[in-house]
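Trainee: I would like to take a close look at one part of this protein, and I would be grateful for a careful walk through it.

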Amino acid sequence: MTEWSGKHAVAVAHPNIALAKYWGKLAQGTNLPAVPSLSLTLAGMSTRTEVRLDDALEGDRLTLDGHAVEGRPLARVSQLLDLVWAGAGTQSGRRPPAMVVSTNDFPTAGGLASSASAFAALAVAADGALGTEHSVNELSSLARAVSASAGRSLFGGFVELPAGVAGEVRLSARALAPADHWPLRLLVAVTAEGPKAVGSTEGMIHTVATSPYFDAWVAWAPQAFERIRQAVLARDLDALGPAVEQSALAMHATAMASDPGLLYWNGATLDVIHAIRRLQGRGLAAYFTIDAGPHVKVITMADQVDVITAALTRVPGVRRVIATRPGGPARLVTDGLMPDGLMPDGLTPAGERG
Ligand code: 2P0
């Protein structure tokens, strides 16, 4: 066994759902968002990723939900491993190849923010295995450079990611308020299985290049972000809900106006929106948001979860409803994959060795 072989770490991270949406990148720089975004990290869904270094490998390997994966997903994994290695500044020589094994307990690549939790978990596990000892802000910036929303999943609770400035290299998300700041509930109405047709990265590039509304979106997004930020700080759901819906609809309107138009919704997506509007008409506090996929996420309070879940379940085309709540940061875990027989479910915060 050579110097690196056998070194490993396992991390868990949660997806996040943007309340104020990110859509579009600056032309220059390392994956810098054109607009500020604000998200909620979700308990109840998670990605678990092991990074195991192996000098005997010819290159990195990736297994996702039990299947070997190559091509672009593997290239992005290698990109983040390289960034974690190089970013430490103290490493010399070639980065050791890694076996990366990742599992999601929710649908992958279907508009449920799987890239966010995937690259957040990978950043933490890579840092643990390579012994690079990055700060959480550095890991957020490195993950952001590969997938912007992943920069937000390094943190728990309510998280903000500023817009980038052309040419800057480091841009990390930051915690706005912890998970226990506000016990919101977020219900995911799953309206399809399988991956979406157009990935977020491609969709954004296409929108920036062809949508006549893109400049208006970039000009408007900061004020929407600020409205949402203030509503979160004030725990004011009556103010938050309409602003969240408008952010999502403005993002989708911008994407739909592309040439050819980008349409992430299916029929059930629209049926759920109308169902939510009817619930609002009955005085219930439930508000929708939609990402780059057909599922609808509904923000509400704990005491309304049962009635809203029942209403969502009655909408034809809704396959199931996943209940989530504000969750914690990406972190190292010690569990059954470790060969040395060390035990189940010890949790340590990001930054500590597992
Ligand atoms: C968001 N989305 O703010 C928005 C809303 C989807 C819709 O961030 O190209 O996978 O990897 O930086 O982070 C999804 O985009 O895109 C996303 P890249 P990412 O949550």
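What share of the 354 residues in the protein chain do buried residues make up? Starting from there, could you take me through the largest nonpolar core, and tell me which residues have the most contacts inside it?

Mentor: This is a predicted model, in which local features need pLDDT of at least 70 and side-chain atom pairs count only at pLDDT 80 or more, while totals for chains, interfaces and linings use all residues. Residues are numbered from 1 along each chain as its sequence is written, and side-chain values use heavy atoms, with hydrogens and water left out.

Buried residues make up 55% of the 354 residues, where buried means under 20% relative accessible area, exposed over 50%, and partly exposed in between, with a 1.4 Å probe and protein chains only. The chain holds 9 helices and 15 strands, which are DSSP runs numbered from the N terminus (H or I, at least four residues, for helices; E, at least two, for strands). Its radius of gyration is 20 Å, close to the 20 Å that the globule rule gives for 354 residues, so the chain is as compact as a globular protein of that length; the radius is taken over C-alpha atoms, and the rule is 2.2 Å times the number of residues to the power 0.38.

Now to the core itself. A nonpolar core is a set of buried Ala, Val, Leu, Ile, Met, Phe, Trp, Tyr and Cys residues joined through side-chain atoms within 4.5 Å. The largest one here has 77 residues, and Trp23 and Val51 are those with the most contacts inside it. Helix α2, residues 114-130, gives the most to this core, with 10 residues. In soluble globular proteins, nonpolar side chains tend to be buried together.

A second, separate core has 28 residues, among them Leu176, Leu186, Ala231 and Leu237. Across the whole chain, residues 24 or more positions apart account for 74% of the contacts with a separation of 6 or more.

Not counting residues up to four places away in sequence, Arg61 touches Leu74, Ala98, Met99 and Val100.

Notes: Contact means heavy atoms within 4.5 Å.
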